[in-house]
Amino acid sequence: MRLAPQLWRAHFTMATVLLRNNETRAAWPVAVRARELGPLEPATHVLCGDVLLVMADFPAARANYQEALRLEPTHHDARHHLALLEYRRARPLAAAANLSAAIADAPTVDE
């Protein structure tokens, strides 16, 4: 990030690493910065949604996944993660609808 502080991908990568290492609180501001630098990149919204999901802020996570889908309606990760969120929130019909859409958009993805 020091070498490319204005590139969303640098912040995206760092936030992803932090999240995968269970450093959620450290990942959040970095993910937000990635989204600020790349507001038209669906992946930045998905990443923020993932951090918020871990933080159990389900409405905000849902809003980020939906924004990613607004930017790219067939974004597989956004649709898949939204399905997982709905499943965790005990909303099986919403989860099934999103999972069906994810499968329809990317039938060869193994997830």
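The model is predicted, so I took local features only at pLDDT of at least 70 and side-chain atom pairs only at pLDDT 80 or more, while totals for chains, interfaces and linings use all residues. Residues are numbered from 1 along each chain as its sequence is written, and side-chain values use heavy atoms, with hydrogens and water left out.

**Aromatic pair.** I searched the whole structure and found 1 aromatic pair (Phe, Tyr or Trp rings, the six-membered one for Trp, with centres within 6.5 Å; planes under 30 degrees apart are stacked, over 60 edge-to-face, the rest tilted). W8 and F12 form this pair, edge-to-face, at 5.7 Å centre to centre and 80° between the planes. Both lie in helix α1 (residues 8-20), 4 residues apart, or about one helical turn (helices are DSSP runs of H or I, at least four residues, numbered from the N terminus). I noted W8 as buried at 14% relative accessible area (buried is under 20%, exposed over 50%, partly exposed in between, with a 1.4 Å probe and protein chains only).

**Loop proline.** I looked up P39 and found it in the loop between α2 (24-37) and α3. P39 is partly exposed, at 42%. Leaving out residues up to four places away in sequence, P39 touches H45 and L71 (contact is heavy atoms within 4.5 Å).

**Helix contact.** I listed the residues where α3 meets α4: in α3 they include H45, and in α4 they include L71. By class, this contact has 11 nonpolar, 3 polar and 2 charged residues (nonpolar is Ala, Val, Leu, Ile, Met, Phe, Trp, Tyr, Cys and Pro; charged is Asp, Glu, Lys and Arg; polar is the others, Gly among them).

Methods:
Helix = DSSP H or I, 4+ residues; strand = E, 2+ residues; numbered from the N terminus.
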